[in-house]
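Trainee: I'm new to this one. Could you take me through the aromatic rings, slowly and with the cut-offs?

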Amino acid sequence: MDVRGLEEDLRRALEGEVRFDDGSRALYATDGSNYRQVPIGVVIPRSLDDVLQTVRVCREYGAPLLSRGGGTSLAGQCCNVAVVIDWMKYLGKVLEIDVATKSARVLPGTILDVLRHQAEEYHLTFGPDPSTHNHCTLGGMLGNNACGSHAQMAGPVSHNVLELDVLTYDGLRLTVGPTSDEELQSIIRAGGRRGDIYRELRDLRDRYADEIRRRYPRIPRRVSGYNLDALLPEHGFDVARALVGTEGTCVTILSAKLKLVHSPPHRVVVMLGYPDIYTAGDHAHELAERFHPLALEGLDYRLIHNVVVKGHTSEQATIHPRSSHVEFLELLPRGHGYLMLELGGDTRQEAIERACEMMDELREDRRPPEDMRLYSDMEHIEHAWKIRESGLGATARVPGQPDTHPGWEDSAVPPEKLGDYLRGMRELYDKYGYDASLYGHFGQACVHTRINFDLKSSRGIQKYRAFMNEAVDLCVSMGGSLSGEHGDGQARAEFLPRMFGPELVLAFREFKTIWDPLGKMNPGKVVDPNPIDQQLRFGRDYEARTWKPRTHFKFPDDDGLLYRATERCVGVGKCRRDSGGTMCPSYMVTKEEKHTTRGRAHLLFEMLQGQVIKKGWRDENVKESLELCLACKGCKGDCPVNVDLATYKAEFLSHYYQGHLRPRPAYAMGLIMFWARAAMLAPGLVNLLTQHSPTKELLQKLGGLTTKRPMPRFAPESFQRWVGRQRPVPRHQGHQRVLLWPDTFNNHFFPETAASALEVLEDAGFEVVVPQGFLCCGRPLYDFGMLPTAKWMLRRTVERLRPYIEEGVPLVGLEPSCVSVFRDELRNLFPDWGLATQLRRQTFLFSDFLGKYAKDWQPPHMEKKAVVHGHCHHKSLFKLNDEKGLLDKLGLDYQVPETGCCGMAGSFGFEEGEKYEVSQKVGERVLLPKVRETPKDTLLIADGFSCREQIAQNTDRKALHMAQVVRMAKVYGASGPAGGYPERGWVTNGLGRPPARWGLRAAVVVGMSLLLGGPRLLKPPHGG
């Protein structure tokens, strides 16, 4: 194939984006499955006309085609050696919602939740809803015939499609749907390509009708194979339904008309506990038949155990769990297997009454559940669903357990046989030495499971194939379907003859040929499939061919290896969502796969393979992808498998720049801890130079910083200096001691925050020690990959704090990003250093510390409203629960809206060019509009320095640190300050007094800067 000519002609024909570079090909080489195939190139169309032109040009060159939705497919149907069409960036839109006909028309790139949220305005919804509902596309759902939890009430996608607008590889565009006999005859008589297709489909139906009726399983979740049964007369010769679930192997879907169903506005969840998952499986069918729930899910105790383990790993035992759902597990009913039923009603009371009636009936059963729980408040309902939807992530990478993989993750059987099927699966696990959780859509007997297959050795792959053969036999012997939700792709298509017989497999091939006679639509999937053990992402020689470079970080949770860390990404694609959570704020504004957690992890994975990404640490594709990573750590908390891009970015940049100068912002902002300390010699002069033209603009340009932002103003006096002057002897000597960490930002820019914290901690009865001298965690260094300097700084800091660490004195930090260094980077760099481990265990955020060590202390009451914005590191590595607990003690009427990332992210928002632009767009997504609409007398609370700066620079509001709010309650009482906020100087008497001998100090700092040029002043020992 003339790939260069194909690329050039696509560029000429399209308004959209054409990407045949190595970086783009690497991004789309794998999906959520076990498979990897590097595409020819990627097309991102701006319009449907672009799609038409893409198909035309590919046809002229004989290039295979693959339409891609969210890229989350688990059976390998979303990776191929083809031209990949990614619909999500520009062609995701709800074109119409028709309330009268309860229907919607959508483009393929539309995220499911976008449709659902718009439809909910009319109490309608699209029934099928996979756990990926906030980032999967409707085009992908049409391709896979997706189901989800609420297929219990609405059926799979094929039961909810009314009409499709499709394009064949040979250029025919047509609208398909149910076809009456008269219409069918009319189309055939009209002739042409459309007439030929319908005639051949009719003949296919007539030849295979009896075999279809005989061999197709009569179960709710038959997703394997093509929907040839939709062509039967009793099903209305529905060509649209027949094309649903063909996995892009037949046509390109351009738009779809979908059926909407009534959505009960109020819902409750009932959890039933059973002695084991098998008994729960026995009972599920009866519950579905008797009570007709909206959803009926099953959960194995192993899944619950994995959630606990991931939330409370041994190294985190004394630290807050990452999972916000762990505490909810205590509310689960007794048992080792669970059924979760969702019931609805037009009012909350109606839904609760339905649930109570069901529970009353169950208590009278001959064999009732062991325990039952009703959840009617939204918080508990949300936790229940999040635990169920976390199934993939909770089972993919569990500390202390082997990695698990898809392959046999969604088989389905007749609902009345579910319990026996689950027992048969457990026997197979035991026979092959596998272990796995069993969970899924038990109301329709669809079983999800990820199994610890070894896909990296010949022996392991042979064992995998042997297991698959027996699992297929077990499922088919019970009248089941190899796939009940995710499709066949490459993972199961090889076994379709065992389920349908050779005659119907021949019918599948004929059906594909009718639509795609040249065989160019997603070849090697479903029909004439590649074997299950070929094109594996890992494979037999994986360990031998993978590059294992030495790294600064030790990756203690990933066997000490970067490549094991990159394997964490299982392609679930939660990082591709448009809203909610913190993860991937840059993707939320660019809509680029390379800016997702998944995309960046895949590029690093490919870099270590060296086949497509070939330049290792100096590869520009990886560098470009990581450039807009805000290092917010959102992925470490939001990603189901805790991919940690902030760490990977720092590691990559440290090698990328090794032996070379970094960009100017690295020296201007990455070394801010040194400049800030020097600036304290003459803060007035420094502020004069940085706050006023023309020196302000000159300094910003020299530092590579945007001139569109003001630089933060240095305080007239550092917090450390003020403490030395005002508190030479700590108060409450002899009481519980605590170290108050003087981070660079609160020490030099906002000492009033630290002074407030000092006063509050003293009021709570603690002896507060503020360490003196140059101390810093080195947080800004990580953003620029200055890891040797960061390691030197951490070693120095830990040694300086040694006496306090050994005495067990807690350290309280005010800046979440700095505290996260002690909690995260410290362990990652020095996992075996006992002193560092101890410091990590006794480091706390302000509210975190008060919640643990001052449970009986009651702060003053303040009757005000507040809006709380959580710092990304705070949300990702800790919890907001302690913050909320302190707010409750204060008596504040507060809300914690889903505001995501502020966009400033330390130095990121200060850098000129694209970073500044992205920073602003991230802030304008949610946070800044929310701040502007907040009433003036409502407090804004944000603990992060970056968050407060972003708010101050883009709105007419100021945000306060939690410590300032607590002290405000003490100073102003229950009503708070009149008009909302006090002036800056309100915090403590004497704070901010200008240092003496201003002129001499100014001369010293300017002279040192000119003489040394900065870097020599900062250079750590041994050239680090």
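Mentor: Here is a walk through the aromatic rings and the charges over them. This is a predicted model, where local features need pLDDT of at least 70, side-chain atom pairs count only at pLDDT 80 or more, and totals for chains, interfaces and linings use all residues. Residues are numbered from 1 along each chain as its sequence is written, and side-chain values use heavy atoms, with hydrogens and water left out.

Rings of Phe, Tyr and Trp (its six-membered ring) pair if their centres lie within 6.5 Å; planes under 30 degrees apart are stacked, over 60 edge-to-face, and the rest tilted. That rule gives 36 aromatic pairs. One of them joins F500 and F508 edge-to-face, with 5.1 Å between centres and 80 degrees between planes. F500 is buried at 0% relative accessibility (buried means under 20% relative accessible area, with a 1.4 Å probe and protein chains only). F508 is buried too, at 2%.

Now look at F674 and F774, a tilted pair with centres 5.3 Å apart and planes at 45 degrees. F674 belongs to helix 27 (residues 672-679), while F774 is in the loop between strand 20 (767-769) and helix 33 (779-782), so this pair ties together parts 100 residues apart in sequence. Helices (H or I, at least four residues) and strands (E, at least two) are DSSP runs, numbered from the N terminus. Both F674 and F774 are buried.

Last, the charges. A charge sits over a ring if NZ of Lys or CZ of Arg is within 6 Å of the ring centre and within 35 degrees of the ring normal. R537 has its charged end over the ring of F605, 4.3 Å from the centre, and R823 lies over the face of F844, 5.8 Å from the ring centre.

Technical notes: Buried means under 20% relative accessible area, exposed over 50%, partly exposed in between (1.4 Å probe, protein chains only).
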